[in-house]
Amino acid sequence: MTAYLNALGLICALGSGKREIATRLFAGDGSGIAPYPREVAGRQLPVGAVTAPLPTLPEHLAPCDTRNNRLLLAAALEIEGPIRLALERYGAARIGIVLGTSTSGIQEASEGIAFYYRDGQLPDHYRYAQQELAAPASFLEDWLGLAGPSYCISTACTSGARALQSARRLLAMGICDAVLCGGVDSLCDLTLQGFSALEATSGTGCNPFSANRDGIAIGEAAALFLMTRERADGHGIALLGAGASSDAHHISAPEPSGQGAVQAMRKALIDAGCDVQRISYLNLHGTATAHNDAMESLAVAQLFPQSVACSSTKPMTGHTLGAAGALEAAFCWLALSEFNSDRCLPPHLWDGQADSALPPLKLVAPGATMTAATERPFMMSNSFAFGGNNISLIIGEAP
């Protein structure tokens, strides 16, 4: 089923709102990566922090006040008009919410627990519900007064992409007429400490597919789509295909041959009714860890033997974890939208030192554009997660 992505709200390290983010994305602006304000395990880590001012939550929703929900509100406010029109048209019970997250409000919860260990009691403002994984969906539901299905998915780095796949399923089953879907994650000490303990963080920055890559830079973002069965005026950008797999190879390491990734990409192609030649651009998961990049390059080379234009956008945003799949689907949406009149592709920022042990990829250089022959381009976006969880989405202009 074609699921139209009729509106998009966006905030990340590249800025706030579609226009600013598109301008900086296609220019290859990596200035959003900056040092985290506190040391992590004795190191200063680069992160993709949102520096734009965040909105204040309405007074009656003060118990939901977390950085995660403020990021989500910033994205929602950008498309509040289309959301309110959908609410008028379909009714509160026919609009669902499916979001991906991995952090929810755990920064605020961690601060409350630290207060407890220092002072022997929890602070007055502590709210356990802030750290529950469903908190972002519950907040959005309460803010808008919706009554349809509302839940969060937390499958680590595939969460945001799986939210889009699940939203399309709600439309296909006739449970909803519109779904707010996407992902949101915020920077927090626990996440940074955890990835540092796994020896997965870079001290210099994200350098995907380089011989010198040494780990991820973590970021934060919110990407929120309004998905419906009906084409909006002006464009018909849609989720055309989705494919998921779970190879369960290891709790944190990817299956080295990339077979689970290949399976997810093939399922997405079948679901979209297209072959590999139809894909004009591939947004790589591209975390800059040794094992992930090795696995993904093998998978891409196997599925695209003639190569495909591809890039990892994480050097510009950081790895936004539970939001990453939705954020990078949003970058494909931007590439197809009126915010990209020059038909640019998101560039791959790295040191240019290819790893000779990996199959070569056709990495997008700054300033590269879609080929003139591509009238109706299809774009693929990959996300891979702990536990062997894989998903691939195909975004394009629907017929």
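## Surroundings of Thr320

Thr320 touches Asp185, Gly219, Glu220, Ala221 and Leu327, not counting residues up to four places away in sequence; contact here means heavy atoms within 4.5 Å. The model is predicted, so local features need pLDDT of at least 70 and side-chain atom pairs count only at pLDDT 80 or more, whereas totals for chains, interfaces and linings use all residues. Residues are numbered from 1 along each chain as its sequence is written, and side-chain values use heavy atoms, with hydrogens and water left out.

Thr320 lies in the loop between helix 10 (314-317) and helix 11. Helices (H or I, at least four residues) and strands (E, at least two) are DSSP runs, numbered from the N terminus. Thr320 counts as buried because its relative accessibility is 0%; buried means under 20% relative accessible area, exposed over 50%, and partly exposed in between, with a 1.4 Å probe and protein chains only. The side chain of Thr320 reaches the backbone nitrogen of Ala324 at 3.1 Å.

## Crossing of helices 6 and 11

Two packed helices are described by the angle between their axes and the distance between the axes. The axes of helix 6 (residues 159-172) and helix 11 (residues 324-336) come within 4 Å and cross at roughly 70 degrees. Helix 6 is therefore roughly perpendicular to helix 11. Axes are lines fitted to C-alpha atoms, for helices over the stretch in contact, and angles run from 0 to 180 degrees between N-to-C directions. Angles under 35 degrees count as roughly parallel, over 145 as roughly antiparallel, 65 to 115 as roughly perpendicular and the rest as oblique.

In this contact, Gly160, Ala161 and Leu164 of helix 6 meet Gly325, Ala326 and Ala329 of helix 11. By class, the contact of helix 6 with helix 11 has 4 nonpolar, 2 polar and no charged residues. Ala, Val, Leu, Ile, Met, Phe, Trp, Tyr, Cys and Pro count as nonpolar, Asp, Glu, Lys and Arg as charged, and the others, Gly among them, as polar.

## Salt bridges

The count comes to 16 salt bridges, each being a side-chain nitrogen of Lys or Arg within 4 Å of a carboxyl oxygen of Asp or Glu. Arg213 forms a salt bridge with Asp293, the closest N and O atoms being 3.7 Å apart. This pair links distant parts of the chain, with Arg213 in the loop between helix 7 (189-197) and strand 8 and Asp293 in helix 9 (residues 290-303), 80 residues apart. Both Arg213 and Asp293 are buried. Arg213 also meets the side chain of Asp355 in a salt bridge (2.8 Å, N to O). Asp355 is in the loop between helix 11 and strand 12 (362-363), 142 residues apart from Arg213. Asp355 counts as buried at 19% relative accessibility, and Arg213 counts as buried at 12%.

Glu230 forms a salt bridge with Arg89, with the closest N and O atoms 3.0 Å apart. Glu230 counts as partly exposed at 35% relative accessibility, while Arg89 counts as exposed at 56%. Glu20, Arg24 and Asp29 are linked in a network of salt bridges.

## Residues with positive phi

Most residues other than glycine have a negative phi. Ala41 has a positive phi, near 50 degrees, and its place is in the loop between strand 3 (33-35) and strand 4 (46-48). Ala41 is exposed, with a relative accessible area of 56%.

Ala288 has a positive phi of about 75 degrees although it is not a glycine. Ala288 is found in the loop between strand 10 (279-283) and helix 9, and Ala288 is buried, with a relative accessible area of 0%.

Terms used:
A polar contact is a pair of N or O atoms within 3.5 Å; within protein, one must be able to donate a hydrogen and the other to accept it, and residues adjacent in sequence count only if both atoms are side-chain atoms.
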